[in-house]
Amino acid sequence: MTNSLSARGDLVLPCLNEAEALPWVLGRIPDGWRAVVVDNGSTDGSAALAERLGARVVHEPRRGFGAACHAGLLAAEAELVAFCDCDASLDPAELPRVAEPVRGGAADLVLARRLPTARGAWPLHARLGNRALARMLRRRTGVRLRDLGPMRVGRREALLALGLTDRRSGYPLQMVVRAADAGWRIAETEVAYRPRAGKSKVTGTWRGTWQAVHDMRQVLA
Ligand SMILES: Nc1nc2c(ncn2[C@@H]2O[C@H](COP(=O)(O)OP(=O)(O)O)[C@@H](O)[C@H]2O)c(=O)[nH]1
Ligand SMILES: [Mg+2]
């Protein structure tokens with residue numbers, strides 16, 4: 001891991017009780033990237049563990065995936081900012097390749113489409129919901145994406161200028177909708193999607209799924 005001055009990018013990792021996943025995730029941070037773990041009131045010692053493992057830890061008391069992601073964006077200092085789940089389902093080591101189009105100026109935002117590596121990595125309802133969402137996004141904005149993947153990279157100042165307001169599960173969708181409305185060049189690449197470590201907070205639960213559907217509808221309304 002590198003300090004902020006030499007870092008090419010800050011990697012925002014929203015974290016709610018991910019002690020099981022943190023050692024692997026933080027062990028996979030590529031050179032030139034700094035991990036910014038945003039703890040959202042974990043009760044399993046995630047924050048202390050992340051600190052011990054050398055990550056920068058930001059505390060966001062307001063619950064919600066978007067609240068955590070946005071606190072990470074506000075705390076970031078590097079030119080490039082990436083987002084990635086902190087559950088060991090996605091490999092931070094893939095970041096340099098994912099970030100390349102933004103770094104090189106060919107795109108303003110890159111999203112990584114998830115390719116499941118095993119049965120059970122991606123529950124069917126989540127996969128179908130995601131596909132429906134991609135279709136709605138295309139109808140609404142004209143942007144063609146095959147997945148609204150959680151691993152993505154953009155420029156810090158431009159991301160801030162989007163003025164994102166969602167603080168729950170609509171955040172990743174609002175980012176793409178506003179970027180599309182602002183005329184950003186949006187690119188899609190691929191990443192491996194593994195079965196997560198620990199328990200799912202969103203699509204693995206009824207409550208989380210319902211909230212995600214509700215929040216995303218609001219964004220597209
Ligand atoms: N900070 C914060 N992180 C969250 C919250 N809900 C989920 N996360 C994190 O967001 C990421 C995605 O959540 P996850 O449970 O993997 O959702 P799934 O991939 O749909 O099953 C994980 O890193 C979680 O720790 C929340 O309310 N606050
Ligand atoms: Mg996950």
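Residues are numbered from 1 along each chain as its sequence is written, while chains are lettered from A and ligands numbered from 1 in the order in which they are written. Since the model is predicted, local features need pLDDT of at least 70 and side-chain atom pairs count only at pLDDT 80 or more, whereas totals for chains, interfaces and linings use all residues.

The average pLDDT (the predictor's confidence in each residue, from 0 to 100) is 93 for the chain, and 97% of the residues score at least 70. Residues 1–5 are another story: their pLDDT is below 50, and the stretch has eleven contacts in the model beyond near neighbours in sequence. A contact here is two residues whose C-beta atoms, placed from the backbone, lie within 7 Å.

## The core

The largest nonpolar core has 67 residues, and Leu 11, Val 12, Leu 13, Val 37 and Ala 82 touch the most other members. Such a core is a set of buried Ala, Val, Leu, Ile, Met, Phe, Trp, Tyr and Cys residues joined through C-beta atoms within 7 Å. Buried takes 20 or more other C-beta atoms within 10 Å of a residue's own, exposed takes 12 or fewer, and partly exposed is in between, with C-beta atoms placed from the backbone. Helix H7 (residues 171–181) gives this core its largest share, six residues. Helices (H or I, at least four residues) and strands (E, at least two) are DSSP runs, numbered from the N terminus.

Leaving aside neighbours within four places in sequence, Leu 11 has contacts that include Ile 29, Trp 33, Ala 82 and Leu 95. Leu 13 sits in strand S1 and counts as buried because it has 31 C-beta neighbours inside 10 Å.

## Two helices side by side

How do H5 and H8 sit relative to each other? Helix H5 (residues 124–141) and helix H8 (residues 206–220) pack at about 5 degrees, with axes 11 Å apart, so they are roughly parallel. Axes are lines fitted to C-alpha atoms, for helices over the stretch in contact, and angles run from 0 to 180 degrees between N-to-C directions. Under 35 degrees is roughly parallel, over 145 roughly antiparallel, 65 to 115 roughly perpendicular, and the rest oblique.

H5 brings His 125, Gly 129, Leu 133, Met 136 and Arg 140 to the contact, and H8 brings Thr 209, Val 213, Met 216 and Leu 220. These divide into five nonpolar, three polar and one charged. Nonpolar covers Ala, Val, Leu, Ile, Met, Phe, Trp, Tyr, Cys and Pro; charged covers Asp, Glu, Lys and Arg; the others, Gly among them, are polar.

## Two positive phi values

Most residues other than glycine have a negative phi. Asn 17, in the loop between strand S1 (9–15) and helix H1 (22–27), has a positive phi near 55 degrees. Asn 17 is partly exposed, with 19 other C-beta atoms within 10 Å.

Ala 88 also has a positive phi, about 70 degrees, and lies in the loop between strand S4 (80–83) and helix H4 (95–103). Ala 88 is buried, with 20 other C-beta atoms within 10 Å.
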